[in-house]
Amino acid sequence: MAIKLVREREPGPGTLGKPELYALAIGQVIGAGVITLVVPAIKMTGYSAWLAYFAAIIMGFFMILPTVFVSSTVRLGGGNYSMLAGLAGPNISGIYAFMYLTQCLSLSLFGSSAAAYLGDIIPALSSHGARIVIGAALLTFFYVINLMGIDVMASAQKLMTWLLIAALLLFTIFGLAKMKLPIFDFSDPEFLTQGWGINFSDGQISGGFVGAMLLFVYSTQGYYMTTAYGGSSKNAKRDVPTLCVLYVGVAMAGVGSTTLAEYGESTTLVVAAQNLFPTVLFYFFIIGGPIMALLSTLNSSFAYNSITIGTACDDGWLPKTFGKKNAKGGRVWILTYMYIIGMIPILFGLSITTITNMVQLIGAGYAFLNFKAYISLPKLYPDAWAKSKYHVPNGLYYFLCCVSLAGFCVTLWKSCLSM
């Protein structure tokens, strides 16, 4: 169950280059976060929502930073599972393998969110039954796409990601050009509507700058999932994309162009987009922005989860027949399992908030397993670590590992309160 290191085994060149990996990374992160959390955060902290997103990006970067060091040192064929198997030992990787089977619930989040956006702009699709049908149809479509192999999946991801980036840049440019609110005035009473800290209501986080930051941080950590494609990449050490800062621009545009009164009861960017765009561009933004963001995340989540679970099957923690591949390289039974688990919350109509909190709570629990792997890297693979592209002194590295763990402990606490 040893990790596959470049220095131990030189695998043949993969098929995924920088454009494919960049598209997968962007799609993994820009989904439920930047699209569905901006307006709720505005209602939590006012004009400072853009600054809260910037702070969340910094916090999220330090939370995933140890994974950057690990992935620049070793080649990970199965993402986080491979890291745990090679650095923390087989028992911990086995625990992770079984825990990760619950992560497939996140697939329902993206299908449900896309259905909600379509329902907001097309009244005929706003009923509960219609949203179930749309969510189920989208889940089915990307299930089939991933059965066709990683190359087909990555090609679809590139197309969706370029549309997504174009739509979000368009929203940012129009929003900043039509900005009418003093979002950079720290003295304005609307800049911090609930203070710098955290406000609670009925024992749950309800507002405040830090509260909004902790809400945003959920959407800033997904880039570490790109390490799962190490076995399929052309250059596994150099092609891991870095953190994107589109979020802040979108948040500024959303905050500065539309007042809280105009948002009303809405929790999406539809109201802001209607204020900013003529009809044709409005529909381009809705399809290219929110819809592509959610669908690209759904697509890449199928891919990442199947690779992670499949590696656990190859190592014997889960039945090898469960990890069986078809002629295109798709993990048939794993993808089918993920499809069924992702469909259950959609069919039962669970809310987006409930699904998000469940997934975030489970994900934060992984941090304790990861910490064991992180601190083992310099000792277990000293030569590879010394030659790492991002090598730092061991003392600094261990300190950054502790900072990462502390960040996840905070999000674990936040998730418990949110539940």
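The model is predicted.

Q: How many helices and strands are there in the protein?
A: Of the 419 residues in the protein, 59% are buried, and among contacts with a separation of 6 or more, 82% join residues 24 or more positions apart. The count of elements in this protein is 19 helices and two strands.

Q: Where does Asp188 lie, and which residues is Asp188 in contact with, leaving aside its neighbours within four places in sequence?
A: Asp188 belongs to the loop between helix H9 (150-177) and strand E1 (199-201). Asp188 is buried yet has no salt bridge, and the nearest side chain of opposite charge, Lys180, is 14 Å away. A salt bridge would need a side-chain nitrogen within 4 Å of a carboxyl oxygen. Once neighbours within four places in sequence are left aside, the residues in contact with Asp188 are Tyr47 and Pro182.

Q: Which element gives the largest share of the nonpolar patch on the surface?
A: The patch is formed by Phe54, Ile58, Phe61, Phe62, Leu396, Phe399 and Val403, which together have about 610 Å² of accessible area. Two elements, helix H4 (49-71) and helix H19 (394-418), each give two or more residues to this patch. The largest share, four residues, comes from H4.

Q: Is Phe62 buried, exposed or partly exposed?
A: Phe62 is found in helix H4 and is one of the residues of the nonpolar patch. Buried would require under 20% relative accessible area and exposed over 50%. Because its relative accessible area is 33%, Phe62 is partly exposed.

Q: What is the C-alpha to C-alpha distance between Phe368 and Phe408?
A: Phe368 has its place in helix H17 (residues 367-380), and at 45% relative accessibility Phe368 counts as partly exposed. Leaving aside neighbours within four places in sequence, Phe368 is in contact with Leu405, Cys409 and Leu412. Although Phe368 and Phe408 are 40 residues apart in sequence, their C-alpha to C-alpha distance in space is 8.7 Å.

Methods. Residues numbered from 1 in each chain as written. Predicted model: local features only at pLDDT ≥ 70, side-chain atom pairs only at ≥ 80, totals over all residues. Heavy atoms only, no water. Buried < 20%, exposed > 50% of the residue type's maximum accessible area, 1.4 Å probe, protein only. Lys, Arg positive; Asp, Glu negative; His and termini not counted. Contact = heavy atoms within 4.5 Å. Patch = residues over 30% accessible without salt bridge, like charges linked within 9 Å, V, L, I, M, F, W, Y side chains within 5 Å. Areas by Shrake-Rupley, 256 points an atom, 1.4 Å probe, with all protein chains shown as cover.
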